[in-house]
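This report walks through selected helices, their packing and a few individual residues. Please keep the sequence and the model in view while reading.

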Amino acid sequence: MSSTTTRAQEFVVQLQHVEKLIGENRLSDAALMLNTLSKTAPQDPRLFLLGSLMAEAANNPAGMWKAAQKAVELSPGWSVATIRLAGTYSATGQAQLAVKTAEQAIVQATQESSISTNLLTRAAAIAIKSEQFALALKWAEQATALAPDQPALQHIKAEALAYNGQYEPAIQIYSALLDQDPDNSAILLDRMLAYINTTQPTLAQHDATHLLSLDPDNETYRYYAAMRKGQTPATQPASVV
């Protein structure tokens, strides 16, 4: 093994450590390490991707976008950088630009022969947030075709189906997922909403009661549980406004 290969591998390990520090919210330590690495490879786009991730963790939308944009400038055909940039557009409310950039990322990944479930699910999430529901379903179905046994992919496919008004097939997926993980509150909430939209009050009430048993102080769960009982809550949580 050459010394160049060893250095490259060590650099990757260091990048992974920075990402771990960001995930642990040790942002000062991550910043120090990024600064050190940037002296070794100042034009490496991976450093700017991590900078974007760190800015997101620090609730700095402008920094998040700027770093992602720089990564794309340094590696304009790299789908990983492009989908990150799309995510920053989505996070800052630029829906049309977010979807357009996500589409570019998928084209790039296809050309690179590197299309992945991660990229497709990120694109689908961007499309959902941008209310491009048909596109979200298309990408979610492509992701589940690549890895049909991954619950997280099935969940986002079910969400896309529900947003497209296809509640019954969404409910089937939610129910299958809950057979494996009956206390998954995110899926329970999604299925309850699907039951509400298909006028199945008894089943919706069952899920609302289950959710409340998991988290009795959750305002959203308390709101829906009261509504399913025919009560009118005094206030409406921000999550359902």
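## Helices α11 and α12

Helix α11 passes α12 in a left-handed crossing. The model is predicted. Helix α11 covers residues 185–197, and helix α12 covers residues 201–214. Their axes come within 8 Å and cross at roughly 155 degrees. An angle over 145 degrees counts as roughly antiparallel, so α11 and α12 are roughly antiparallel to each other.

Which residues of α11 and α12 make the contact? On the α11 side they are S185, L188, L189, R191, M192, Y195 and I196. On the α12 side they are L203, A204, D207, A208, H210, L211 and L214. Sorted by class, the contact of α11 with α12 has 10 nonpolar residues, along with 2 polar and 2 charged ones.

Helix α7 runs over residues 117–129.

Which residues of α7 are buried? They are T117, L119, L120, T121, A123, A124, I126, A127 and I128. The cover over these buried residues includes α5 (79–91) and α6 (95–112). It also includes α8 (133–146) and α9 (151–163).

## Helix α7 against α9

Two packed helices are described by the angle between their axes and the distance between the axes. For α7 and α9, the angle is about 30 degrees and the axes are 11 Å apart. An angle under 35 degrees counts as roughly parallel, so α7 is roughly parallel to α9. The crossing of α7 and α9 is left-handed.

From α7, the contact uses T117, T121, A124, A125 and I128. These meet L153, I156, E159, A160 and Y163 in α9. By class, the contact of α7 with α9 divides into 7 nonpolar, 2 polar and 1 charged. Among the α7 residues in this contact, T117, T121, A124 and I128 are buried.

## Helix α8 against α9

Helix α9 also packs on α8. The axes of α8 and α9 come within 8 Å and cross at roughly 155 degrees. The two helices are therefore roughly antiparallel to each other. Here too the crossing is left-handed.

In α8, the contact residues are F133, A136, L137, A140, E141, A143 and T144. In α9, they are L153, Q154, I156, K157, A160, L161 and Y163. The contact of α8 with α9 has 10 nonpolar, 2 polar and 2 charged residues. L153, I156, A160 and Y163 of α9 touch α8, and these four residues meet α7 as well.

Helix α8 also holds Q142. This residue is partly exposed, with a relative accessible area of 32%. Its C-alpha atom is separated by 32 Å from that of G63. Q142 and G63 are 79 residues apart along the chain.

## Loops on either side of α7

S113 is found in the loop between α6 and α7. It is not a glycine, yet its phi is positive, at about 60 degrees. Is S113 buried or exposed? S113 is exposed, with a relative accessible area of 68%.

E131 lies in the loop between α7 and α8. E131 is not a glycine either, and has a positive phi of about 60 degrees. Its relative accessible area is 59%, which makes E131 exposed.

Helix α3 covers residues 45–57. Its 13 residues should span 18 Å at 1.5 Å a residue. The end C-alpha atoms of α3 are 19 Å apart, which agrees. The buried residues of α3 are P45, L47, L49, L50, G51, S52, M54 and A55. After α3 comes N59, whose phi is positive, near 60 degrees.

I22 lies in helix α1, which spans residues 3–23. I22 is buried, with a relative accessible area of 7%. Which residues does I22 touch, not counting those up to four places away in sequence? They are L27, A30, L50, L53, M54 and A57. The C-alpha atoms of I22 and L53 are separated by 7.6 Å. Along the chain, I22 and L53 are 31 residues apart.

How values were computed: Residues are numbered from 1 along each chain as its sequence is written. This is a predicted model: local features need pLDDT of at least 70, side-chain atom pairs count only at pLDDT 80 or more; totals for chains, interfaces and linings use all residues. Side-chain values use heavy atoms; hydrogens and water are left out. The expected span of a helix is 1.5 Å times one less than its number of residues. Buried means under 20% relative accessible area, exposed over 50%, partly exposed in between (1.4 Å probe, protein chains only). Contact means heavy atoms within 4.5 Å. Axes are lines fitted to C-alpha atoms, for helices over the stretch in contact, and angles run from 0 to 180 degrees between N-to-C directions. Angles under 35 degrees count as roughly parallel, over 145 as roughly antiparallel, 65 to 115 as roughly perpendicular and the rest as oblique. A crossing is left-handed if the near helix is turned anticlockwise from the far one by less than a right angle, and right-handed if clockwise. Ala, Val, Leu, Ile, Met, Phe, Trp, Tyr, Cys and Pro count as nonpolar, Asp, Glu, Lys and Arg as charged, and the others, Gly among them, as polar.
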